[in-house]
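Work through the exercises below with the coordinates open. Each task is followed by its solution in steps.

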Amino acid sequence: LLQARFETEHQKVLQKMCWERCAEGLLSNSEEVRSDSVPGIVADRLPERTRRCLDGCVSKFSDAAMLVSAESQLWQANEIKRQQVQDLTSKAIMGLVATAAATG
């Protein structure tokens, strides 16, 4: 649950950063994108410069998010193993102490 929440928040931050970086191309767009199929009609798509910005930004941040997620999962798995070993060690010591007290 914590992992999913972290990933969701991380994606929100990355998406916001990406849009802020590429917003200039959206807001100050003097370059009109013309439709190839119908002359004189402006196509409903982003200009080339803005598309390159978004493609690069999304790809870069998606790669970073996947790496962070993988490292987080590895760390969590290691922590679970460490806790299991610690619990097992504690139980073994308590068993030895109880056995020594009973025989002692």
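**Exercise 1: the chain as a whole**

Task: find what share of the contacts with a separation of 6 or more joins residues 24 or more positions apart.

Solution. A contact here means heavy atoms within 4.5 Å. Of the contacts in the protein chain with a separation of 6 or more, 54% are between residues 24 or more positions apart. The model is predicted: local features need pLDDT of at least 70 and side-chain atom pairs pLDDT 80 or more, while totals for chains, interfaces and linings use all residues. Residues are numbered from 1 along each chain as its sequence is written, and side-chain values use heavy atoms, without hydrogens and water.

Next, the secondary structure: the protein chain has 2 helices and 0 strands, taken as DSSP runs numbered from the N terminus (helices H or I, at least four residues; strands E, at least two). Last, the surface: the protein chain exposes about 8500 Å², by the Shrake-Rupley method with a 1.4 Å probe. Carbon and sulfur atoms supply 60% of that area.

**Exercise 2: buried positions**

Solution. Step one is the cut-off: buried means under 20% relative accessible area, exposed over 50%, and partly exposed in between (1.4 Å probe, protein chains only).

S69 has a relative accessible area of 14%, so it is buried. Leaving out residues up to four places away in sequence, S69 touches Q3 and E7.

T50 counts as buried because its relative accessible area is 2%. Its C-alpha atom is 8.1 Å from that of A23, 27 residues away in sequence.

The relative accessibility of L14 is 10%, so L14 is buried. L14 and A64 are 50 residues apart along the chain, with 9.6 Å between their C-alpha atoms.

**Exercise 3: the largest pocket**

Task: describe the lining of the largest pocket by position and by residue class.

Rolling a probe the size of a water molecule over the atoms shows where empty space is left. On a 1 Å grid over the protein atoms alone, a pocket is an open set of points where a 1.4 Å probe fits, with protein on both sides within 12 Å along at least five of seven lines; lining residues have an atom within 4 Å of a point.

The largest pocket has a volume of about 160 Å³, the space filled by probe spheres set on the points. Its lining has 10 residues, with Q11, L14, Q15, C18 and V58 nearest the centre. Helices α1 (2-27) and α2 each supply at least two of the lining residues. By class, the lining holds 7 nonpolar, 3 polar and no charged residues.

**Exercise 4: salt bridges**

Task: which residues form salt bridges with K12 and with E79?

Solution. The rule asks for a side-chain nitrogen of Lys or Arg within 4 Å of a carboxyl oxygen of Asp or Glu. The count comes to 2.

K12 pairs with E9, the closest N and O atoms being 3.6 Å apart. E9 and K12 are separated by about one helical turn, because they are 3 residues apart in helix α1. E79 pairs with R82 at 3.0 Å, N to O. R82 and E79 are 3 residues apart in helix α2, about one turn.

Key:
Ala, Val, Leu, Ile, Met, Phe, Trp, Tyr, Cys and Pro count as nonpolar, Asp, Glu, Lys and Arg as charged, and the others, Gly among them, as polar.
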